[in-house]
Amino acid sequence: SELERKVMILADSGISKLVPNEEWQKIVDNLIENIKDKKTADGIVNAIDQCTDLLVKNGIENDETAGNQLPDGLIEAD
């Protein structure tokens, strides 16, 4: 949220066990820099691409038979 100055990547518990927080933080830091540079849309697309790359790197592939573990779309956090 640009107005609240918050960035969060939310992964389910299974993924969180496989991917260290430091890896997610790099993506968050990159997104924050893009937002500061007024490149929010590009930053979000880049963050999604980086998340995909990180999941593939850690052997996490799309398993459509498992169904969604989290809802699609944005999640508002307190």
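Biologist: Which helix does N30 lie in?

Modeller: N30 lies in helix α2. Keep in mind that this is a predicted model.

Biologist: Okay, what does N30 count as: buried, partly exposed or exposed?

Modeller: Partly exposed, because its relative accessibility is 27% and that class lies between the 20% and 50% cut-offs.

Biologist: And which residues is N30 in contact with, leaving aside its neighbours within four places in sequence?

Modeller: N46 and Q50. Q50 is 20 residues from N30 along the chain, and their C-alpha atoms are separated by 9.7 Å.

Biologist: Let's zoom out. At what angle do α2 and α3 pack?

Modeller: About 165 degrees, with the axes 8 Å apart. Angles over 145 degrees count as roughly antiparallel, so that is how α2 and α3 run relative to each other. Their crossing is right-handed.

Biologist: Which residues in α2 meet α3?

Modeller: From α2 you have E23, W24, I27, N30, L31, N34 and I35. On the α3 side, the residues they meet include I44, N46, A47, Q50 and L54.

Biologist: How do the residues of that contact divide into nonpolar, polar and charged?

Modeller: Nine are nonpolar, six polar and two charged.

Biologist: Switching topic: what's the mean pLDDT of the chain?

Modeller: It's 82, and 73% of the residues reach 70 or more.

Biologist: Which element has the highest mean pLDDT, and which the lowest?

Modeller: Helix α2, residues 21-36, has the highest at 93. The lowest is 83, for helix α1, residues 13-18.

Definitions and conventions
Residues numbered from 1 in each chain as written. Predicted model: local features only at pLDDT ≥ 70, side-chain atom pairs only at ≥ 80, totals over all residues. Heavy atoms only, no water. pLDDT = per-residue confidence, 0-100. Helix = DSSP H or I, 4+ residues; strand = E, 2+ residues; numbered from the N terminus. Axes fitted to C-alpha atoms, helices over the stretch in contact; angles between N-to-C directions. Parallel < 35°, antiparallel > 145°, perpendicular 65-115°, else oblique. Left-handed = near helix turned anticlockwise from the far one by under 90°. Contact = heavy atoms within 4.5 Å. Nonpolar A, V, L, I, M, F, W, Y, C, P; charged D, E, K, R; others polar. Buried < 20%, exposed > 50% of the residue type's maximum accessible area, 1.4 Å probe, protein only.
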